[in-house]
Amino acid sequence: MSIILIIAGFVLLVVGGEFLVRSSVSLSFKLNISTMVIGLTVVSFATSLPELLVSLQAALNGASDISLGNVIGSNIANLGLVLGVTAMISAISIDRDFYKFNWPVMLLFSLALYFFLKNDEVLSRVEGLSLLAMVVVYLVVLLRRARKNDEVEVEEVDTNLQKTSWFKIVIWLLIGGAALYFGSDWLVAGSIDLATKLGVSERVISVTMVAVGTSVPELAASVMAAVKKEKALSLGNLIGSNIFNIASVLGITSFILPIKMQSQEVLSTDVWWMLGFALVLLPLVFLPKKFIFSRIKGFFLFAAYSIFIALTVING
């Protein structure tokens, strides 16, 4: 039964996320917000809503390790699984904005999460609010840079959504909201039940199965684009997703309800893997061929991610 709940939860999260993105973008057009602003802010936040609902639902259910594991595991999966597999299919070119802005900001947010947890093993309301304040500053700087610099990568926005009627927007919002609510509820309930039956911690389930599940839509889209030889993946947008996961997902969740770390492994193992994947990106981008993420580099990331999953399951 727990597997059925988890699968149904994933399906609803994918469906709900898609409807929420469409309705958010359509609403933004109605409010005369520019395509650039929609791509950098609205789409980024909307695509983080499934993770937000899962983390919030988990925190409300007293399963705070799922809240943390979901975000930390998703960030690891974004770099190890999504970037690794996509680069193995087709090499990815990287712009200079990666090391000038995106990568340092991602590392800053990752380190902030580490020190907040190390301080007292609780992500408090004040710390959640500081993460939200940091992401607001990040977005302001990002928008200013995008206006001045053509290199800043903007999430692609479907301009056809400009013609969407108010009736459709409302219906999409209702469908998306309901799907995310029930999807997150079923996914968390199924994960807790499965962890109990398998005799492993909720952390292990969240950092592996739940995290991979919430990364599947991005992985599928990237792989399909790579196979079709289209623009496979924007590393800037992938890093932006990691920033939003920490800042908005954990920021909002801990502001509503402080997140108390339950497993020491979150701090002693998982966060270090997340920092490790973030740190290794810089030398990979420069060596041996600058600004090209080759198949070999992709294989290295995927192999590292496989080791992370294996060790987590074995030691869990």
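Which residues does F293 touch, not counting residues up to four places away in sequence?

1. F293 and the cores. F293 touches L83, A87, A91, I92, I94, L281, L284, V285, G298 and L301, with residues up to four places away in sequence left out; contact here means heavy atoms within 4.5 Å. F293 is also among the residues with the most contacts inside the largest nonpolar core, together with F109, Y138 and L281. That core has 77 residues. Apart from it lies another core, of 9 residues, which includes V25, I38, V43 and A46. A nonpolar core is a set of buried Ala, Val, Leu, Ile, Met, Phe, Trp, Tyr and Cys residues joined through side-chain atoms within 4.5 Å. Buried means under 20% relative accessible area, exposed over 50%, and partly exposed in between (1.4 Å probe, protein chains only).

2. Basis of the values. This is a predicted model, in which local features need pLDDT of at least 70 and side-chain atom pairs count only at pLDDT 80 or more, while totals for chains, interfaces and linings use all residues. Residues are numbered from 1 along each chain as its sequence is written, and side-chain values use heavy atoms, with hydrogens and water left out.

3. Overall fold. The secondary structure of the chain comes to 11 helices and 4 strands. Helices (H or I, at least four residues) and strands (E, at least two) are DSSP runs, numbered from the N terminus. The radius of gyration of the chain is 19 Å, close to the 20 Å that the globule rule gives for 316 residues, so the chain is as compact as a globular protein of that length. The radius is taken over C-alpha atoms, and the rule is 2.2 Å times the number of residues to the power 0.38. Along its principal axes the C-alpha trace spans about 55 × 50 × 40 Å. Of the 316 residues, 53% count as buried. Among contacts with a separation of 6 or more, 84% come from residues 24 or more positions apart.

4. Annotated segments. An unreviewed UniProt entry assigns "transmembrane region" to residues 76-94, 101-117, 129-146, 166-184, 204-227, 239-259, 271-287 and 299-315. UniProt positions are given in the numbering used here, feature names are shortened, and annotations may be inferred rather than shown by experiment. In the model, residues 101-117 are 100% helix and 0% strand, with end C-alpha atoms 25 Å apart. Residues 129-146 are likewise 100% helix and 0% strand, and their end C-alpha atoms lie 26 Å apart.

5. Helix α7. This helix has 33 residues and reaches 47 Å from its first C-alpha to its last, close to the 48 Å expected at 1.5 Å a residue. The expected span is 1.5 Å times one less than the number of residues. After α7 comes G199, whose phi is positive, near 75 degrees.

6. The structure holds 3 salt bridges, each defined as a side-chain nitrogen of Lys or Arg within 4 Å of a carboxyl oxygen of Asp or Glu. R22 pairs with E18, the closest N and O atoms being 3.0 Å apart. The two are 4 residues apart in helix α1 (residues 2-30), about one helical turn. R22 is partly exposed at 30%, and E18 is partly exposed at 43%. K197 pairs with D193 at 3.2 Å between the closest N and O atoms, again 4 residues apart, in helix α7 (residues 166-198). K197 is exposed at 55%, whereas D193 is partly exposed at 28%.

7. Salt bridge between helices. D270 and R203 form a salt bridge with closest N and O atoms 2.7 Å apart. D270 lies in helix α10 (residues 264-286) and R203 in helix α8 (residues 202-227), so the pair ties together parts that are 67 residues apart in sequence. D270 is buried at 1% relative accessibility, and R203 is buried at 5%.

8. Two further residues. L282 lies in helix α10 and is partly exposed at 24%. Beyond its neighbours within four places in sequence, L282 is in contact with F98, Y99 and W103. The C-alpha atoms of L282 and W103 are separated by 7.9 Å, although the residues are 179 apart along the chain. S26, in helix α1, is buried at 1%. With neighbours within four places left aside, S26 is in contact with L161, T164, I169 and W172.
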